[in-house]
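Subject: Structure handover

Hello,

Please find the structure below, with its sequence. My notes on what was found in it follow.

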Amino acid sequence: MKNRAGGLGTFNYELIKAIAGKPLTDLDIYLNLKNPQHAEAEFKNTFKYKKYSSLQRHAMFRIRQKFDVWHSLNQNTKVEPMFDPKKYILTVHDVNFMEEKKGAEAEANIRIFKEKLKRTDTVTYISEFAKQQAHKYFDIKDVQEVVIYNGNPISTLVDFKDYNPEIPADKPFFYSIGDFVERKNFMSLVKMIEITEGYNLVISGGNDKAYGQEIKEYIKLKNLEHKVFLTGKVSEEGKQYFLANCAAFLFPSIREGFGLPPVEAMRFGKPVFLSTLTSLPEIGGNAAFYWDNFDAEYMRDFVIENLEKFKANPAAYLDKIKARADFFSWAKAAEEYISLYRL
């Protein structure tokens with residue numbers, strides 16, 4: 001739960017927080033955490049807590065306590081019970097490793113996933129796309145399968161009036177957020193803003209690895225330091241500040257199991273621009289605008305044209321945007337997961 005800047009950390013935290021708000025008198029729910037003291041301080045005696053060590057990721061050191069139900073919250077985690085529970089629930093976010101990784105790295109992910117599938121009684125998916133992708137690459141045995149959409153992480157508005165964004169305020173800005181990996185396709189935004197007048201670009205997220213360095217080098221090479229601002233990871237106050245104040249939210253990702261940030265932007269009534277790839281049309285619905293390619297001039301013209309339409313008649317868009325944001329509910333997701341926990 002500690003990496004709230006990433007999709008899995010956000011999923012874990014928001015789902016657990018929503019479950020904590022439900023009646024649980026008939027259930028004893030254990031959270032297996034490396035640092036349980038943080039969760040215990042927030043959720044008190046709502047849950048029971050177990051601290052696991054890195055050793056427990058290895059088969060011979062797996063958790064030996066017997067459980068009626070085990071919920072593996074993503075397809076890659078190595079934390080497993082030693083003994084088969086009465087019901088094993090697996091949540092699949094994506095199997096992007098089949099398309100992004102090769103060799104030994106891919107084989108490790110494949111092995112872990114296949115081992116989970118052997119134990120699984122119920123598979124939940126965070127989108128219809130995630131379900132289709134899993135079936136494309138793996139033989140999913142005849143078990144219960146359920147699509148449970150994620151909720152909107154912006155469940156609580158925070159006070160960001162004292163937040164200092166440390167970017168110039170001379171121009172309106174476009175915003176995006178996510179870990180800097182190639183599938184996020186942030187370079188297309190940098191190349192778009194390079195030829196766009198009157199706007200800056202702000203991107204938040206961890207950018208210290210190879211793809212982040214590639215983008216930093218491009219910014220320097222093209223002298224874009226006055227137009228493109230990389231904030232690194234931001235606090236909740238920072239994220240909400242940028243979402244609330246941006247002219248539009250841009251998310252040209254080429255591979256998403258769900259895509260939480262566009263839903264967050266919709267919470268603030270922002271026009272959202274997405275790629276047409278993988279799960280994003282399913283998540284954005286008719287409330288988003290969609291690029292069908294990543295040519296810089298096309299992307300720029302598409303954004304400016306549709307942004308002008310939005311500004312000319314915001315009422316025609318805002319109802320759809322906010323309705324789409326409200327459609328995704330952690331409270332609803334929590335109820336669906338809890339119903340699966342009850343044998």
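In this predicted model, helix α2 spans residues 36-43 and has Pro36, Ala39 and Phe43 as its buried residues. Viewed down the axis of α2, these residues fall within an arc of 65 degrees, so they line one face of the helix. Their cover includes α1 (7-20), β1 (30-33) and β2 (48-51). On the face turned away from the buried side, α2 carries the exposed residues His38 and Ala41. After α2 comes Lys44, which has a positive phi, near 55 degrees.

Next, the aromatic rings. The count comes to 30 aromatic pairs. In one of them, Phe273 and Phe302 have ring centres 6.1 Å apart and planes at 85 degrees; an angle over 60 counts as edge-to-face, so this pair is edge-to-face. The pair links distant parts of the chain, 29 residues apart: Phe273 belongs to strand β11 (residues 272-275) and Phe302 to helix α11 (residues 296-312). Phe273 counts as buried at 0% relative accessibility, and Phe302 counts as buried at 17%.

Phe302 also forms a tilted aromatic pair with Tyr298, at 5.8 Å centre to centre and 35 degrees between the planes. Tyr298 and Phe302 are 4 residues apart in helix α11, so about one helical turn separates them. Tyr298 is partly exposed, with a relative accessible area of 23%.

Elsewhere, ring pairs join Phe160, Tyr163, Phe173, Tyr175, Tyr241, Phe242, Phe249 and Phe251 into a cluster.

Two charged ends also sit over rings: that of Lys66 lies over Phe83, 5.3 Å from the ring centre, and that of Arg324 over Phe327, 5.0 Å from the ring centre.

Regards

Conventions: Residues are numbered from 1 along each chain as its sequence is written. This is a predicted model: local features need pLDDT of at least 70, side-chain atom pairs count only at pLDDT 80 or more; totals for chains, interfaces and linings use all residues. Side-chain values use heavy atoms; hydrogens and water are left out. Buried means under 20% relative accessible area, exposed over 50%, partly exposed in between (1.4 Å probe, protein chains only). Helices (H or I, at least four residues) and strands (E, at least two) are DSSP runs, numbered from the N terminus. The arc is that of the directions from the helix axis to the C-beta atoms. Contact means heavy atoms within 4.5 Å. Rings of Phe, Tyr and Trp (its six-membered ring) pair if their centres lie within 6.5 Å; planes under 30 degrees apart count as stacked, over 60 as edge-to-face and the rest as tilted. A charge sits over a ring if NZ of Lys or CZ of Arg is within 6 Å of the ring centre and within 35 degrees of the ring normal.
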